[in-house]
Amino acid sequence: MKQLLTFIIILATALGLRAQEQPTDTVVRWQYTAEKKGAQEYVLHITGTIVKGVKLISTTMPDDALVYSRVVADSAATVGAITEDGSLKKEKEAVLDNAEVKYFEDKIVLNVPVHLNGEVKKLEGSVNYMYLKGEEAGGPEEFKFKFKVDASGNLVSVAAGLQEASSDAVNSLKRSNIKLDQPVIVTGEQVHEKKSLWGIFLLGLIGGFVALVTPCVFPLIPLTVSFFTKKSQDKKKGIANAITYGFFIFAIYVLLSTPFYFLNSIAPEIFNNISTNVWLNLVFFVIFIVFAISFFGVFEITIPSSLASKVDSKSGVGGLVGIFFMALTLALVSFSCTGPILGSLLAGALSADGGAVQLTAGMAGFGFALALPFALFALFPNLLSALPKSGGWLSSVKVVLGFIEIGMAIKFLSNADLVEHWGIVKREIFFAVWIICGIMIVLYLLGKIRFPHDSPIKKFSVTRIAFIIVFGVLTVYMLPGLTNTAWANRKLISGFPPPLSYSIYNNRAKGVEANVVNDYEKALALAKEKHKPILIDFTGWACVNCRKMEENVWTTKEVKHLIEDEYILVSLYVDDRKVLAEDQQFLYTTTNGQKKEIKTIGDKYATMQTENFINNSQPYYVLISPDEQLLTTPVGYTPDVDKYAEWLKKGLEAYQKVK
């Protein structure tokens, strides 16, 4: 459990940072500009800030030296004699057999004269450098630079080293006219409904109760409770130990969420970047498929025996330490059953608005559900006799969970597909997979499908019949999702399948269609042309609540009329990975002083949302006038149609005041 979660955390951090394209150079931080000296003649000024304790080797070292640095350019230019600004030092280095080395510390500026060979539109090259750090020599490492030739013949740096945002670029994100604390009409209590912490806790609780009835956990309940109550000569002490054991189970699962609090300090939208990261979603897809195959009995996923044995050996220690390691042993040995359920909770909470806090709430619910029986049966040991005996029904639980895992896996593949627009998991494909899983569960519970490890069904219990009915009804409910009819919108599961517009039917109704754009500047121009206010929709391709609003609220007659006839709707996707044109990329300094690279459409609009509205959740709705005056208090997820319609009407009332 610990190793897998550590891997997931490291992977999530790495992919989240990659999604933001943070600079990774840890030895020298480079920046570069170009100075025009004449026709086709330029001097590149490449500045390196050197990490303390590092000696950057000079470009003046000869080719036959053990260490050296060089600047090279592509065939578009010829490089002249390089000069270096900084404090050049010479020293014999023992690590290089006392060879004399020229190097710089702290800072260096490379002045590189270049001549462009003919009419070229861009210049690319690199600094290939070596360095000394302590008793080690490092490199050669490569820093790439890239310039484009503008209309005036100047070299403008792009891509590899983004420049600080110009005033125009800053204004494109931080809109000076939008004043969050000065709406024309204050709508009072902000309508921003989202899952409460108690709601997330309840979901975790349900997941924990499901984990209790798996073969890895259920048989341990009576064994563990009996161990504590019989081992201790003092009955009260036995009960106290069992309760303490339960508390440690709860605490272990809560502690698993703590590393994610450090992720939240990296960037406000880090959890959104993680949850919508294509590669991370594909990793979860593969993991859940593997878990499903394991649940079908093809193989068993277990923690390495050496790790489990090492932890189990500690459980023999007396007192609280021993009880803690017994709880940790339970978490490890039950992983093959609890892991997939816990993984579903972890992945779902990462995409939630509350990030780490909601993850903690979910983990707390999961841990509490697992811990509750151990404390409860220790207090009331007579209840143990009421527990059903372990048997073949536990294997049936695992198989059913296996089919559910396949349904969850397709959700992660769908997230990646939506963000990248591959067109692999259209809405009807998604429904087909879920329907097939539902049919397979019903057939399995009816005994029509059997696995080698299954026991024969002697009789149908009330519980089995109840589950057959439940899964049968859910499967029938999903069937219209395959059609091109008004019944295709399945409101009970709205948000989980891809949106109605992401369909194999090209003529399917798409909800709100008039006056919809996905570019903020175009929306402003259209609003001024048509003299209408703007509805800003901060959304995401993988946002569940966004789809619920679009399919259940926006499609109602009153709301659809208000949006299409009275507003200009601009939907800004904060998880869009499409790369901006090179001349639109820049390095932006946020309000809190953080440097952030704006390279994708998602970077641009996620930053716009956090900078102007101090909010990074989706959906998030804002009403402004064509001159960007805030009309009402912004709102978030608002499933109540009447409330949302009233909010839109308040925006129109405010617009009449400012016209």
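Here are some questions and answers about this model.

This is a predicted model, where local features need pLDDT of at least 70, side-chain atom pairs count only at pLDDT 80 or more, and totals for chains, interfaces and linings use all residues. Residues are numbered from 1 along each chain as its sequence is written, and side-chain values use heavy atoms, with hydrogens and water left out.

Q: What pLDDT does the chain average?
A: pLDDT is the predictor's confidence in each residue, from 0 to 100. Here 75% of the residues score at least 70, and the chain average is 78.

Q: Over residues 1–25, how many contacts beyond near neighbours in sequence does the model have?
A: The pLDDT is below 50 over this stretch. Where pLDDT is low, the predicted coordinates should not be read in detail. Counting a contact as heavy atoms within 4.5 Å, the number for residues 1–25 is 52.

Q: How many helices and strands does the chain have?
A: Both kinds are DSSP runs numbered from the N terminus: helices are H or I with at least four residues, strands are E with at least two. That gives 20 helices and 18 strands.

Q: Is Leu 443 buried, partly exposed or exposed?
A: You'll find Leu 443 in helix α14. Buried means under 20% relative accessible area, exposed over 50%, and partly exposed in between (1.4 Å probe, protein chains only). Leu 443 has a relative accessible area of 30%, so this residue is partly exposed.

Q: Are the rings of Phe 538 and Tyr 620 stacked, edge-to-face or tilted?
A: Rings of Phe, Tyr and Trp (its six-membered ring) pair if their centres lie within 6.5 Å; planes under 30 degrees apart are stacked, over 60 edge-to-face, and the rest tilted. The structure holds 21 aromatic pairs. For Phe 538 and Tyr 620, the centres are 6.5 Å apart and the planes sit at 40 degrees, so the pair is tilted.

Q: How many residues apart in sequence are the parts that Phe 538 and Tyr 620 tie together?
A: Both residues are buried. Phe 538 lies in strand β14 (residues 534–539) and Tyr 620 in strand β18 (residues 620–624), so the pair ties together parts whose separation in sequence, in residues, is 82.
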